Amino acid sequence: MRKTLAFLLVPLTLLALLAALALWLAARPEALRAAVVALVERESGARLAVRGPVDVELWPQPAVSLARIELVREGGLRLRADRLDAALDLMSLLRLSPQPKRLRLVRPEIELALAPTALVRALAAPAAPLEVELLEGRIRWRRAGFALALAGAELRLGRDGTGRVEAQLTARLGNRPLALTLAGRSRGRRLQLRLDLALGEGQRVDTLRFEGELVAARTLRTEGLLALQLAALRELAAAFGRTPLASLMAALPPLGLEGRLRYDDAGMVLEPARLDLGSVRLRGRIAWRPQAAVAWDVRLEAERLALADGALGDWAERLRRLPTRADLRLTAARGELDGLGWQRLRLEARLGGGALTIRRLSAAVGDGGTLTARGQLDADGGFALEADLALGGEALSKIAALPPLPPSLRAGRWLLQVRCEGQAAGLRCPRLDLRTPVGRFAGSLDRPRGGRLVVRGRIDRLELDPLTELATPAWRRALVELSRRLPLRLLLTVERLAFGRLLARGLELIGDLEDGRVALTLERIADLAGGEGRARLQADLMGGERTLELALQLPAPGRLWRMWDDEVPPWLAAFRTLRLTLALREGPQGRRWQLEAADPALRLALQATPTASDETLRTLTLQVTDPRRLLRRLGVPLVDARLPERLGLQLEERLRQDRRVRLGGLLELGRARFRLELADDGAGGLRGRLEGPGLPPPAQLQPLARALLRAFGPAPTAPADTPGLRAAPGLPVAQLRPLALDLSLALGEELRGRLRARDGRWRLAPLVLTRPGVRLEGEVLLDLTAALPRLALQLAGEAEEVADLLLLAPFGRLVEGPVGVEAALTARGVVPERWPETLTGRLVLRLERVVLRDVAPDPGQGLRLSPGERLPLPPVRLELAVRAGRAKTTAPATLFLGGRRLALELVLDLVRGRARLVITPAGGLPLVLGDQD
């Protein structure tokens with residue numbers, strides 16, 4: 001601006017000299033006007049038109065006034081003014097060399113298109129003292145790529161005979177006020193000056209400060225300290241009209257620039273330099289080498305270059321809009337992008353034709369990472385890019401502005417090789433190769449304009465352990481935001497999936513991520529537990545009600561479990577082909593979930609639902625549609641077993657907010673239904689009752705009891721279709737020990753009792769068992785406080801038939817009739833099914849009216865085998881000692897039959913269900929009935 005106004009001194013001085021000449025021609029105004037016009041054209045080549053009167057004053061100071069003037073010089077100057085007033089130095093008139101002392105232009109309109117060198121020469125040229133005043137002027141200055149328009153200009157410029165220059169200018173640039181202060185001293189063609197400029201008001205003020213020297217020879221040379229702060233570039237660009245410079249300013253953010261400036265015909269260097277461009281902060285050196293009118297060579301060398309979050313995409317868009325041609329070279333010793341550091345950054349690029357061409361981009365990223373890239377960004381939004389990026393997982397999280405990765409991913413190395421093309425129709429990446437610590441992905445990426453992002457490819461392996469750690473609230477929020485901005489469709493094949501010890505191959509995965517919702521479908525899972533399966537996952541990650549749905553089909557769940565742990569719970573062997581579904585919904589009223597597992601013979605369902613009474617209702621449903629097939633899977637022998645055609649269990653638990661529990665249930669054995677009710681007793685335990693029509697027949701109860709024991713004990717020999725299945729041994733003592741329970745039992749008229757559990761001791765007492773032909777009384781104790789669980793059993797009663805008593809059923813094959821029993825037995829061990837092998841204690845049998853089967857008297861030997869015959873026995877009492885599951889009479893019992901004395905011995909194998917009765921007549925041979933050792 002100062003250069004522009006200074007340039008006016010040349011024609012204005014010439015006009016002042018012509019005005020002095022008019023003093024001698026004052027008496028002839030028309031001749032004076034013609035003489036002034038001819039002299040200006042001859043001396044400067046400019047055409048002058050004076051359309052108003054010419055006034056001359058001689059006292060008190062010589063002065064001349066020209067009204068409505070117009071001065072035109074081709075390619076350089078156009079000046080219009082309502083009036084020009086010039087005060088002349090009297091002594092210069094006496095020497096016949098008139099010099100202007102003071103100039104005033106009233107409402108001038110000035111248009112300039114001259115080089116700044118001429119302006120500097122005018123300011124630096126030695127001249128007499130002069131004062132210039134500009135009132136209410138309008139100034140336009142046009143150069144290639146530059147346009148400046150000032151309105152309402154007020155200028156006061158002073159220069160003394162020693163070359164000192166002082167100027168003050170106020171005006172409006174567009175809608176913004178401008179204030180300029182200039183002070184300097186000229187020495188020949190050198191101008192030492194200090195310049196302060198302020199544009200705008202309030203919080204949006206652009207400032208320029210320069211202190212240095214300007215030299216005007218054939219070209220302009222500058223050296224000095226420069227400080228520039230532009231706060232509202234977009235508004236400032238509007239004041240320059242539709243020019244390349246205005247477009248350049250509009251494409252840049254607010255900037256701050258400081259440094260020592262050197263400028264000559266070779267270009268510009270700012271060193272040391274500090275440049276702040278919003279998200280870019282550079283410390284180093286800036287070099288600008290103009291090769292042609294609009295072709296530049298820009299070099300930036302930075303000791304430190306810092307970029308804020310999102311700066312890369314933001315600056316790619318800004319560079320794409322730059323209306324210029326330039327070669328750009330950027331080197332940075334170190335830098336930072338939102339906490340991610342890099343070293344040895346090097347960029348070689350060209351701007352031109354509305355495109356940014358990256359010839360080379362390289363940097364060392366993070367801790368040991370590297371980045372290399374090349375490509376092109378077009379003005380219409382199209383681009384082509386090839387890049388290789390290798391970095392650590394921690395750097396990846398920072399560069400993508402993501403939540404922290406799990407340690408296993410953060411510590412690993414990531415490598416991305418990509419070739420992408422973009423255009424108005426969308427985005428396409430035909431090559432996308434990503435190598436991570438948990439697997440490698442090779443495929444492609446496509447995104448049609450306005451459509452969702454589609455990723456296709458193959459993953460060689462996928463380790464799910466670290467991926468499950470990404471289900472944190474921070475990552476869930478990140479996925480929601482990503483799905484809003486970038487809907488995603490996945491079409492993947494996973495060659496190998498590993499989750500702990502779980503291994504699967506040949507997964508075909510289809511996934512969707514949109515508007516905070518996730519849907520994943522595994523169309524085929526090959527080589528999973530020896531077969532194929534499929535799964536579906538749906539989740540709503542948004543706020544409000546979140547939903548999760550999972551559908552999974554597994555061919556061999558026992559083998560699948562084995563992949564997690566060596567020991568498999570035996571109840572899992574009940575499932576062959578498992579269909580698993582899970583639905584989870586969480587909203588303002590609480591969490592609702594439903595889980596269902598089913599196969600052709602078995603269905604298990606669990607669900608939890610909050611109720612209006614501040615309770616959570618949990619329901620368990622178990623249905624066995626084929627009990628015989630289920631028990632065969634568990635390895636339970638089914639000889640003579642008359643099973644119910646249907647088994648079912650349904651439990652309902654109501655959990656209150658104060659954690660108090662109410663439990664109700666229903667057990668179905670064929671047509672028999674049993675009801676269970678439990679409630680919190682207020683002392684940390686449960687109190688309730690179990691009611692039903694009666695006990696199932698022994699033929700049904702025995703295999704069901706065996707199945708229950710096998711659920712806690714070791715698995716039987718694995719079926720042929722599940723080789724290698726091995727179950728976890730041991731009773732779940734950790735679950736049973738802390739229970740506190742008080743349960744009354746009333747199963748018809750057959751079973752009465754009370755079951756109490758406290759501090760690891762379970763006691764069923766009193767116990768009254770009554771059924772047709774059988775009545776037993778006693779108690780049962782299960783002690784879980786010892787190192788090995790201990791079972792104690794005390795019973796006394798009678799049965800009309802020996803076979804009606806489970807323990808004596810093998811003995812019932814030898815005799816028939818009533819029997820009285822007294823038992824005091826204990827068992828100890830980890831596995832309940834092995835307890836019969838550890839039975840010890842005492843067993844007393846009272847035989848009142850029993851009959852031997854298939855036996856007859858023999859006159860010679862005493863007794864003989866005779867199929868189909870029966871031999872009544874007199875009353876006899878047998879005492880048996882039980883050790884390691886084997887009962888044996890402590891001493892032979894003596895009975896008298898037909899006048900002969902007989903010795904009676906009994907051996908029961910309670911583990912294998914075998915019995916042997918030995919009858920020895922006095923002086924005769926023994927008769928052995930039953931199983932032989």
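User: Leaving aside its neighbours within four places in sequence, which residues is S362 in contact with?
Analyst: This is a predicted model, in which local features need pLDDT of at least 70 and side-chain atom pairs count only at pLDDT 80 or more, while totals for chains, interfaces and linings use all residues. Residues are numbered from 1 along each chain as its sequence is written, and side-chain values use heavy atoms, with hydrogens and water left out. Contact means heavy atoms within 4.5 Å. With neighbours within four places in sequence set aside, the contacts of S362 are R344, L345, R346, L371 and T372.

User: Is S362 buried or exposed?
Analyst: S362 belongs to strand β20, residues 355–365. Strands (E, at least two residues) and helices (H or I, at least four) are DSSP runs numbered from the N terminus. Buried means under 20% relative accessible area, exposed over 50%, and partly exposed in between, with a 1.4 Å probe and protein chains only. The relative accessible area of S362 is 14%, so this residue is buried.

User: What is the phi of R344, and is this residue buried or exposed?
Analyst: R344 is part of strand β19, residues 340–352. Most residues other than glycine have a negative phi. R344 is not a glycine, yet its phi is positive, near 55 degrees. Its relative accessible area is 61%, so R344 is exposed.

User: Where does D759 lie?
Analyst: D759 is another residue that is not a glycine but has a positive phi, about 55 degrees. At 61% relative accessibility, D759 counts as exposed. Its place is the loop between β42 (751–758) and β43.

User: Which residue in β50 is the bridge partner of A856?
Analyst: Strands of a sheet pair through backbone hydrogen bonds. β49 (residues 851–858) pairs with β50 in the antiparallel sense over 7 bridges. The bridge partner of A856 in β50 is R864.

User: What is the handedness of the disulfide that joins C420 to C429?
Analyst: A disulfide is a pair of cysteine sulfur atoms within 2.5 Å, and the whole structure has 1. C420 and C429 are joined with an S to S distance of 1.9 Å, and both residues are buried. The torsion about their S-S bond is about 105 degrees, so the disulfide is right-handed.

User: How many residues does the largest nonpolar core have?
Analyst: A nonpolar core is a set of buried Ala, Val, Leu, Ile, Met, Phe, Trp, Tyr and Cys residues joined through side-chain atoms within 4.5 Å. In the largest one, F811, L845, L908 and L917 have the most contacts inside the core. The contacts of L917 include F811, L852 and L929. The number of residues in this core is 180.

Key
Pairing = 2+ DSSP bridges.
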